[in-house]
Amino acid sequence: MVESILDLPVEKQIFYAVLVFSWTVYLWEAYLSYRQRRIYRSTTHVPQELGKIMDSETFEKSRLYQLDKSNFSFWSGLYSETEGTLILLLGGIPFLWGVAGSVTARLGFGSEYEITQSLAFLMLATLFSAFTGLPWSVYNTFFIEEKHGFNQQTLGFFLKDTVKKFIVTQCILLPVTSLLLYIIKIGGDYFFIYAWLFTLAVSLVLVTIYADYIAPLFDKFTPLPDGELKTGIEIMAKTINFPLTKVYVVEGSKRSSHSNAYFYGFFKNKRIVLFDTLLEDFSPLNKSGEPQPEQQPETDETPSESKAKPKNKKQGCNNSEILAVLSHELGHWKLGHTIKNILISQMNSFLCFSLFAALIGRRELFVAFGFNDSQPTLIGLMIIFQFIFSPYNELLSFCLTVLSRRFEFQADAFARSMGKASQLYSALIKLNKDNLGFPVADWLFSMWHYSHPPLLERLRELSGTKQD
């Protein structure tokens, strides 16, 4: 069998190697998920070591939620892998490139306008992906998330949000792609350096403007009101010389009851964003009864689309716990984790562009995927970055997951050094409960997938020198 494959033309060898590796990764992921699903199915009672931090009702809810998510992930993953294989086997990529060429030709652009054809191809490809992925997204949102009490959206709001996201994505993706292709075309022998610098500049700009100009298109951001929490955040920021300028609360509850927090900005202009679902005093889910008209969150839903969903659950963390969570997040900044991640990302980007420069002239790569008469730059980017680099990408992803877990332990230790161990301990338990995280994991699944350490491991570290 191996000899017969090696007897094939090099183009066929490349093609089948890509398919075999893709299915190998899928089967490995499926095996890991199978191991974790066995844990979900078999661990039906709260383990003794969890008895003090998790009640049986919450444990059962989280078990069923994670089991449903895992089953959904299996079927959606199988569909995605099968779809990708059929696209390759049936020549879907060169076919779509030809369709894009026909579209641009009707608009008066000939084959010499490669960048224009590339943008048409990109738009058609993202449209196809959006339509094929929509049923899975609808099922996940309105069946799984709805079933377990997380979804806060109506179908009308969801569809409008999806269209809006698609339009915003195209407004960013198409101009950036056209400029990148132009730089590659005119960059000469050192185009990979210019392409890397361009992508670096774009990523820095997007990180800078995202929360100020892009995120508000989808969610409402309001300054955190003056009070005990804001004062505590400002004092803590000054203690570690964090250049905080603003603190926002984002209305995440109009989509989901999952909670989150993050900070952004460069140099002396840092902002902190807290989801309202993270704050015990702000979460709409903590309000009893039907909300009054003046309490309704502002959304772009019409009155017929909006619906109140009162929840009989207490959600979020108190002020001292919020400060503990933020001390962990600020620990990432103080310990240089943010800068290290950026440096790793950019070193990887430069390496990939350098290898791309060495491979882009190889005709057999294009022939392997059905491009016998042309070598479009965009197709070269897709083939090399998505297919040829896939083994490297898998290895890098695993290494970054291991590094991320290390950073999380270090950030927890930083919070402990600030006297926040007991508050972070209780906050982690609350957040795990609010998000229905299942605290029992298969060791191999956890090692491969968990960018954050399992809850029990974090609690053990915190309780080692737990403060009252």
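Two strands are taken as paired if DSSP finds at least two bridges between them. In the predicted model described here, this criterion places strand S4, residues 270-275, between two named partners: six bridges join strand S2 (residues 244-250) to S4, the two running parallel, and four bridges join strand S3 (residues 261-264) to S4 in an antiparallel arrangement. At the level of individual residues, Val247 has Ile272 as its bridge partner in S4, while the S4 partner of Tyr264 is Arg271.

In a regular strand, side chains alternate between the two faces of the sheet. Along S4, Lys270, Ile272 and Leu274 point one way, whereas Arg271, Val273 and Phe275 point the other way, and all of these residues are buried. Because six of the six residues of S4 are buried, the strand is largely enclosed by the rest of the structure.

In one of them, the ring centres of Phe59 and Phe438 lie 5.0 Å apart with the planes at 45 degrees, so the pair is classed as tilted. Phe59 belongs to helix H3 (residues 56-89) and Phe438 to the loop between helix H14 (421-434) and helix H15 (443-449), so the pair ties together parts that are 379 residues apart in sequence. Phe59 is buried, with a relative accessible area of 0%, and Phe438 is likewise buried, with a value of 8%. Elsewhere, one aromatic cluster is formed by Phe191, Phe192, Trp196, Phe350, Phe353, Phe356, Phe385 and Phe389.

Note on methods
Residues numbered from 1 in each chain as written. Predicted model: local features only at pLDDT ≥ 70, side-chain atom pairs only at ≥ 80, totals over all residues. Heavy atoms only, no water. Phe/Tyr/Trp six-rings, centres within 6.5 Å; stacked < 30°, edge-to-face > 60°. Buried < 20%, exposed > 50% of the residue type's maximum accessible area, 1.4 Å probe, protein only.
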